[in-house]
Amino acid sequence: MSDMILFDLDGTLTDSGPGITRCVQYALASFGIEEPDLEKLNCYVGPPLLESFMNFAGLGCEEAQQAITKYRERYETEGIFENEVYEGIPEVLAYLKEQGKTLAVASSKPEKYVEQILEHFEIRKYFTVVTGSEMNETRTDKGEVIAETLRRLGAEDSRSDVVMVGDRSYDVIGARENGLLCVGVSYGYGGREELEAAGAAKVCDTPEELKLLAEDPKEEKKRRDRIKKMKPERIPWLTRGESGTGIFAPKEKKAENIKEKRTAKTEPKTEEIVIPIQRKLWRLLKPLLTYELFLIGATVLLALILMTFTTGGYLEERMHATSVLASAIGSLAAIPILWKQYKKDEGMFPKPEKRWSAAEAAACILLVMTFGHLLNTVMNVTGFTRIFSGYQDMASKIYEGQNPLLLILSVGVLSAAAEEIVFRGMIYRRAKDFWGTGWGIAASCLLFGAYHGNVTQFVYAAIVSVLLILIYERCGTLLAPILAHMAENIWGLYRSQFISWMTEKAPAGAWMFIFFEAVICVGTFWYLFLTPVNKKSPASKVVG
């Protein structure tokens with residue numbers, strides 16, 4: 001079939017599950033996560049460890065790095081050889097070499113360990129090249145490992161002569177990224193369904209079937225064509241009676257036995273792994289605490305500067321005057337850190353369907369701007385803002401006399417972007433992952449409201465937060481609520497002056513404008529969420 005064959009290691013050449021799962025169990029225990037059932041940890045066999053600890057145990061990046069250190073603490077002394085070569089693999093490798101094939105290993109396991117395992121089981125001699133990840137957790141992505149293997153083989157310009165063999169969807173995807181076909185093996189840890197869904201060219205149920213990799217595709221096609229032309233009575237050895245006899249029966253029986261052994265080792269549902277509630281709460285609050293730390297740090301820095309250069313009793317006034325600047329500095333410093341945390345979450349959640357166009361962007365912006373003003377109007381008309389007047393008093397102290405461009409930059413752009421990364425990009429998605437969509441919405445809305453520090457803004461922010469989440473889910477990109485939030489904040493800074501100006505010109509003008517806003521609000525909501533072309537099916541619960 002191909003002149004060069006790349007093999008995955010875990011689940012393809014060796015049954016490494018016992019060693020890996022025991023080391024994962026050991027590492028998780030150091031974080032207070034107890035999982036006595038090793039079968040539930042089979043999902044860790046195959047993918048890169050950093051990604052697995054984040055995806056399946058809900059650890060942050062730094063914690064996942066610590067988990068890897070604990071994992072290797074046991075793996076280097078015990079786990080590495082809690083392993084065995086699948087029955088028939090040495091014979092298959094020998095056969096493929098005899099047929100003139102160049103063999104290589106491409107594994108996400110550190111290369112140092114791959115070499116040790118192959119030498120231990122005396123199959124290193126069959127491979128021309130052995131490639132793995134680095135010990136510092138670089139080159140763990142399967143596509144990167146395969147690309148490096150091709151480079152070492154000098155096969156970058158002859159990819160049609162190379163095939164990948166693996167047991168997980170990661171192997172199929174990595175092969176496809178490098179322009180290779182992938183043959184899957186269902187006796188490993190992924191199973192036939194996972195491999196076929198990922199796009200495997202063929203799935204073998206036993207190691208013996210891998211000998212087909214040595215076949216000449218042209219000769220194989222001729223043989224199959226000859227068989228098709230033969231009459232059924234001339235090939236009785238292909239028939240199967242009720243007793244299951246026939247030339248293929250022994251192979252099928254062997255495959256069936258292996259499948260039965262591996263049934264319990266298919267990838268489990270990740271919610272079966274128990275994550276302590278305190279760790280979930282920490283994951284939920286960490287982005288908000290990070291952002292608050294930057295805001296407090298910027299405020300303290302400006303306070304120290306003012307204390308140095310300000311005399312008399314004007315420090316409080318100066319603090320109010322520079323609060324917008326402190327917010328801008330804090331948000332600007334926090335956004336890169338928050339964005340990095342958000343991007344680390346990307347691999348933990350399935351990417352939603354993207355349907356994001358200029359018309360939809362405009363609709364999102366208009367919807368939040370008009371809804372925000374209508375909600376504000378209702379709160380004013382009902383007297384709610386007069387009952388809880390703390391926000392008006394605070395706003396007049398902070399915003400009056402500020403440079404308009406600084407206000408737009410701080411409140412309209414930087415704060416809006418940082419808040420969306422925190423409350424929709426991380427808090428909502430993480431809470432949704434742990435407890436479902438309803439609790440995800442509740443956590444994001446309540447924390448977003450509480451973050452503002454007063455009753456009026458608590459109610460306003462919590463309600464608007466629901467709309468921003470709907471937009472996020474609808475558009476499938478964080479850019480949608482970010483732009484909508486920016487537009488609403490900028491419009492909120494100056495809409496009262498605009499309404500006052502309209503009232504002076506024409507007393508009924510303000511109410512006509514509100515009616516016009518209501519029409520736009522209903523229309524954009526209908527366009528985004530209720531028209532058949534724009535409806536989206538509810539997002540499924542993500543895996544974390």
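This is a predicted model: local features need pLDDT of at least 70, side-chain atom pairs count only at pLDDT 80 or more; totals for chains, interfaces and linings use all residues.
The protein chain has an average pLDDT of 80, and 79% of the residues score at least 70. Residues 230-254 have a pLDDT below 50, and this stretch has 15 contacts in the model beyond near neighbours in sequence. The pLDDT also stays under 50 over residues 263-272, where the model has 20 contacts beyond four places in sequence.

An open sheet is formed by six strands in the order S5-S4-S1-S6-S7-S8, with parallel pairing. Its edges are strand S5 (129-133) and strand S8 (202-204); each has a single partner strand, so one side of each is left without a neighbour in the sheet. From one strand to the next, the twist averages 25°. Within the sheet, strand S6 (residues 162-166) pairs with strand S7 (residues 181-185) in the parallel sense over four bridges, and Leu 181 in S7 is the bridge partner of Val 163. Helix H6 (residues 142-153) packs on the sheet, where it touches strand S1 (4-7), strand S4 (102-110), S5 and S6. The direction of H6 makes about 145° with that of S4. Helix H7 (residues 169-177) lies across S6 and S7 and runs at about 170° to S7.

Helix H13 (residues 358-381) and helix H18 (residues 455-475) have axes that come within 11 Å and cross at roughly 160°. H13 is therefore roughly antiparallel to H18, an assignment that applies to angles over 145 degrees. The crossing of H13 past H18 is right-handed. On the H13 side the contact includes Glu 360, Cys 364, Leu 367, Phe 371 and Met 379, and on the H18 side it includes Thr 456, Tyr 460, Ile 463, Leu 467 and Arg 474. By class, this contact of H13 with H18 comprises 14 nonpolar, three polar and two charged residues.

In the second pair, helix H16 (residues 404-435) packs with helix H17 (residues 437-451) at an angle of about 145°, and the axes are 7 Å apart. H16 likewise passes H17 in a right-handed crossing. Among the residues of H16 that meet H17 are Glu 419, Phe 423, Arg 424, Tyr 428, Lys 432 and Trp 435. Those contributed by H17 include Thr 437, Trp 439, Gly 440, Ser 444, Leu 447 and Tyr 451. The contact of H16 with H17 divides into 11 nonpolar, three polar and three charged residues.

Conventions:
Residues are numbered from 1 along each chain as its sequence is written. Side-chain values use heavy atoms; hydrogens and water are left out. pLDDT is the predictor's confidence in each residue, from 0 to 100. Contact means heavy atoms within 4.5 Å. Axes are lines fitted to C-alpha atoms, for helices over the stretch in contact, and angles run from 0 to 180 degrees between N-to-C directions. Helices (H or I, at least four residues) and strands (E, at least two) are DSSP runs, numbered from the N terminus. Angles under 35 degrees count as roughly parallel, over 145 as roughly antiparallel, 65 to 115 as roughly perpendicular and the rest as oblique. A crossing is left-handed if the near helix is turned anticlockwise from the far one by less than a right angle, and right-handed if clockwise. Ala, Val, Leu, Ile, Met, Phe, Trp, Tyr, Cys and Pro count as nonpolar, Asp, Glu, Lys and Arg as charged, and the others, Gly among them, as polar. Two strands pair if DSSP finds at least two bridges between them.
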